[in-house]
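The sequence and model come first, and the notes follow.

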Amino acid sequence: MKLWLLLGLLLVHEALEEVTGQQPPKNKRPKEPGENRIKPTNKKVKPKIPKMKDRDAADVTPKTQSIMVHMMDKGRFQKPAATLSLTAGQTLELRCKGNKIEWSYPADLDTFKDSRLSLKQQERYGQLTLVNSTAADTGEFSCWGQLCHGYLCRRDETKSGSTYIFFTEKGELFVPSPSYFDVVYLNPDRQAVVPCRVTVLSAKVTLHREFPAKEIPANGTDIVYDVKRGFVYLQPHSDHQGVVYCKAEAGGKSQISVKYQLLYVEVPRGPPSTTILASSNKVGSGDDISVLCTVLGEPDVEVEFRWIYPGQKEERPVTIQDSWRLIHRGLGHTTRISQSIMTIEDFETTDVGYYICTAQNLQGATTVATTVEFS
């Protein structure tokens, strides 16, 4: 009996050794019949967010496509840099891709309807040509495409091009000015510019006061120099007023600009401040009468006048005279006074009633009225 028991224990031991050699990995147990083979887990998985494609990002903020090219010698074309330097006398030819192209160029070419400038629209591009260029043509040249629906067109902000061109001319360091003396108005609520623009990009430009004679530093805080605009007064005040000029130095030569009178003004921006006054509000038959409409405003803001008067429907003959002048109110303050005077001769019944004056500027319009009757 003991022998059989011993043999049985030996057999069991051998069987266990065979099973031990084929044991599953540690911490795992045999699957029960019908048990789910996917083991549940509490591991946190970070969700994957698909990356936005570059073209999707471009849809959100459209990139501006440069459409301008500059025609070089021998028919070569090149995309112009932000600034170009050309010799005065050269012919400038710019092209911009598109079947509807608009252009912008220095104001003097537009003001004088210069025959040296020509614009042409070809099937696939617009072309600007400037012959016999001069130092006065220095400035920004721009183009842009047009998006049109029927007769309505708007600027295509995604297709444009521009370059600032310096036309260098012997003896001309400054862009020529049409006058020898100019006025710059200093207003406390906006920048003022002394337009000392040069024809040579590398020129050193300084600003000077005539009296007392001294150089005015462009410190980058109060005054900065912009080669495309001139000296910019960022926050004008009354201490800046006076006569100034600029000095440019390049290639061992120097030149003085025209003089600029800086006038400080302090008139609130807005619709015209308007008053109306009749020479008399009671007029006898056959007498003459005048009605005065007056506006006080900023020196550089123009005003337009319109009248409504009793004899207008009957086409009563009247005389209207508009004028303006600058008045100095002391402490460097300057104001523009604009006036419109309506004069009526031989006052009669048809002239009795309301005289209405409307003064308008870029900020709005103001209407005032007064009555005139028989005495």
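The notes below cover sheets, nonpolar cores, a surface patch and salt bridges.

This is a predicted model, in which local features need pLDDT of at least 70, side-chain atom pairs count only at pLDDT 80 or more, and totals for chains, interfaces and linings use all residues. Residues are numbered from 1 along each chain as its sequence is written, and side-chain values use heavy atoms, with hydrogens and water left out.

**Sheets and strands**

- Strands (E, at least two residues) are DSSP runs, numbered from the N terminus, and two of them pair if DSSP finds at least two bridges between them.
- Five strands make an open sheet in the order S3-S2-S5-S8-S7, with antiparallel pairing. Its edge strands are S3 (77-78) and S7 (117-121), each of which pairs on one side only.
- S7 and S8 (residues 125-130) are joined by five bridges in the antiparallel sense; Lys-120 has Gln-127 in S8 as its bridge partner.
- Another open sheet has four strands in the order S21-S27-S26-S23, and its pairing is mixed. S21 (282-283) and S23 (304-308) are at the edges with a single partner strand each, so one side of each has no neighbour in the sheet.
- S21 runs parallel to S27 (residues 364-374), and two bridges join them. Val-283 has Phe-374 in S27 as its bridge partner.
- S25 (residues 334-344) is largely enclosed by the rest of the structure, because nine of its 11 residues are buried. Buried means under 20% relative accessible area, exposed means over 50%, and partly exposed is in between (1.4 Å probe, protein chains only).

**Nonpolar cores**

- A nonpolar core is a set of buried Ala, Val, Leu, Ile, Met, Phe, Trp, Tyr and Cys residues joined through side-chain atoms within 4.5 Å.
- The largest nonpolar core has 24 residues, and Val-194 and Tyr-233 have the most contacts inside it. S11, S12 (192-194), S13 (204-209), S16 (230-233), S17 (242-250) and S19 (259-264) each supply at least two of its residues. S17 gives the most, with four residues.
- A second, separate core of 19 residues includes Cys-293, Val-295, Phe-347 and Val-368.

**Surface patch**

- Tyr-180, Phe-181 and Val-183 make a nonpolar surface patch of about 360 Å². Such patches consist of residues with over 30% relative accessible area and no salt bridge, with nonpolar side chains (Val, Leu, Ile, Met, Phe, Trp, Tyr) joined within 5 Å.
- Phe-181 belongs to S11 (residues 181-186) and is partly exposed, at a relative accessible area of 43%.

**Salt bridges**

- A salt bridge is a side-chain nitrogen of Lys or Arg within 4 Å of a carboxyl oxygen of Asp or Glu; the count by this rule is six.
- Arg-316 and Asp-351 form one, with their closest N and O atoms 2.9 Å apart. Arg-316 is in the loop between S23 and S24 (319-328) and Asp-351 in the loop between S25 and S26 (353-361), so the pair ties together parts 35 residues apart in sequence. Both residues are buried.
- Lys-228 and Glu-140 meet in a salt bridge at 3.8 Å, N to O. Lys-228 is partly exposed at 34% relative accessibility, and Glu-140 is partly exposed at 29%.
- Glu-93 and Arg-95 meet in a salt bridge at 3.0 Å, N to O; Glu-93 is buried, with a relative accessible area of 14%.

Definitions and conventions. Patch = residues over 30% accessible without salt bridge, like charges linked within 9 Å, V, L, I, M, F, W, Y side chains within 5 Å. Areas by Shrake-Rupley, 256 points an atom, 1.4 Å probe, with all protein chains shown as cover.
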